[in-house]
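Let's take a friendly walk through a protein model. Keep the picture open beside the text as you read.

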Amino acid sequence: MGKPTGFLEFERSLPEDRPVKERIKDFDEFHTHFDISDLKCQGARCMDCGIPFCHAGMAIGRTSIGCPLNNLIPEWNDLVYNGKYEEAFKRLSLTNNFPEFTGRVCPALCEGSCTLGMNEKPVTVRNIEVHIVDKMYEDRLIKPKKPQKTTHKRVAVVGSGPSGLACADQLNRAGHQVTVYERADRAGGLLMYGIPNMKLDKSVVERRVELMKKEGVRFLFNTEIGKNLKAVELIKEYDAIVLCCGATEPRPLKVEGSGLNGIYYAVDFLKRNTKSLLDSQFNDRSYIDVAGKDVIIVGGGDTGTDCVGTSIRHGCASVVQFEIMPEASETRKPSNPWPEWPVIKKTDYGQEEAVEVFGKDPREYCTTITKITGDDMDNVKEVHTVEVSWETGAPVPVPGTEKVRKADIILIAMGFLGPEQYLIRQLGLETTERSNVAADAGKYKTNVEGVFAAGDMRRGQSLVVWAIREGREAAREVDRYLMGETVLP
């Protein structure tokens, strides 16, 4: 390494986010970048550790070890320390098609498995990653690269989320003629409409999509396969099809009163917010307005946090986030050893903003809704809750903890059940017990000849970085299917 003793000399640090009082007034990105000298110091902390678990990319049960993309992290950390940013970007691009996405929204599985993290704070990997790619864009060194040959094979990719984009990008590089079908009016899937602009500026997504267009990938928007266009038409027209439609069937809240007005799925709330922002800077008023309203969010994950931050920016009167699970510990438990991803309490940007605005963390743990009541117009008025105990391993209501809370808006952020089924049925695809498309990891073939599936549609709800990995691997297998061998990693 360029600085063998760097991890002894420098402490982990991150650039300061924009101040809360400033950032809640807009939807601009709140993360910032280091200056060059600070970035080099953080790169210098990367140890010559012998076995870099940071890029192991292993899934063990429901946990992970290291980066699923197998990013060559120690190599580009060393190059950053030595000021060789273009070389660092080349290393980064070998394994990751979209570091500008993962560097912004990935929870950094790599950092959870950093060897330095056994005893000290881990290396600042994600911030270095995004700085590398943003500097390359800033210096205009990322330019379209059209494939040098064409195979004349035609491939349809259904869905333009991270797995679909990665699959299309790889197949295009192999010389295939790729068309991406997207039912929304913009590319990106949840990157575009599921993650709010303050976490991932949509110009970052659109910039990459425009680059892919210039490289030869064709995009068709407002086209929903199975509805606007029959799936059988794709089978007739293309040599292979890759389904990357995501796991977009939201988990419902099944309690009395769940059909009242003012109850929305989080994904709908976030999509309408971002679309209104992009279409008209909110002038069309087509978003779900929570200004001056008491907001209840059901779900304690990242999507719930995004709902907190979005509600605060629209001027909600209050916001509470219910989480049925117990509060996580501040440090690793013995059952969650390094190098597994640390399951510990994290206070994200939305909670930080709620503390600043309302004086307290919005999260209430071990809490579930039992009933929702409405007014004479069938609008949400109150939610009835109870605390639960997990002593038996399952949630059991605790007598005497019942409460009634005022509510105007309820946002359901309880995750997703799996992919929507109409296209699956139309193609006659086999599914798993969880309703995902049945296709083996590493192979991605479905039971229908020439049809492949990748990303959340196959794997179930997961992270952007896993979706990119699946899209890349599926592209490799499609290339092998079409050509008898493959040139893709």
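## About the model

This is a predicted model, in which local features need pLDDT of at least 70, side-chain atom pairs count only at pLDDT 80 or more, and totals for chains, interfaces and linings use all residues. Residues are numbered from 1 along each chain as its sequence is written, and side-chain values use heavy atoms, with hydrogens and water left out.

## Empty spaces inside

Rolling a probe the size of a water molecule over the atoms shows where empty space is left. Here a 1 Å grid is laid over the protein atoms alone: a cavity is a set of points where a 1.4 Å probe fits but cannot get out, and lining residues have an atom within 4 Å of a point. Grid points are joined across faces, edges and corners, and a volume is the space filled by probe spheres set on the points. The count is two cavities of 30 Å³ or more.

The largest cavity has a volume of about 100 Å³. Its lining has 13 residues, and C46, C49, C54, C114 and T115 are the closest to the centre. By class, this lining holds ten nonpolar, three polar and no charged residues. In this sorting Ala, Val, Leu, Ile, Met, Phe, Trp, Tyr, Cys and Pro are nonpolar, Asp, Glu, Lys and Arg are charged, and the others, Gly among them, are polar.

The second largest cavity holds about 70 Å³ of space. Of its 13 lining residues, C67, N71, C106, C110 and E129 lie nearest the centre. Two elements give two or more residues to this lining, α7 (109-112) and α8 (125-138). Helices (H or I, at least four residues) and strands (E, at least two) are DSSP runs, numbered from the N terminus.

## An open pocket

A pocket is an open set of points with protein on both sides within 12 Å along at least five of seven lines. In the second largest pocket there is about 810 Å³ of space. It is lined by 29 residues, with S93, K143, K145, R173 and E215 nearest its centre. The lining comprises eleven nonpolar, seven polar and eleven charged residues.

## Helices side by side

Two packed helices are described by the angle between their axes and the distance between the axes. Axes are lines fitted to C-alpha atoms, for helices over the stretch in contact, and angles run from 0 to 180 degrees between N-to-C directions. Contact means heavy atoms within 4.5 Å.

How do α9 and α18 (residues 464-483) pack, and at what angle? Their axes are 7 Å apart, at an angle of about 35 degrees. For α4 (residues 73-81) and α8, the angle is about 65 degrees and the axes are 11 Å apart. I73, W76, N77 and V80 of α4 meet V125, I128, E129 and I132 of α8.

## Rings and backbone details

Rings of Phe, Tyr and Trp (its six-membered ring) pair if their centres lie within 6.5 Å; planes under 30 degrees apart count as stacked, over 60 as edge-to-face and the rest as tilted. There are eight aromatic pairs. One of them, F27 with F282, is tilted, at 5.2 Å centre to centre and 55 degrees between the planes. F27 lies in the loop between α2 (20-23) and α3 (36-44) and F282 in the loop between α13 (266-280) and β9 (294-298), so the pair ties together parts that are 255 residues apart in sequence.

Most residues other than glycine have a negative phi, and most peptide bonds are trans. H152 has a positive phi, near 65 degrees, and W338 and P339 are joined by a cis peptide bond with omega about 10 degrees.
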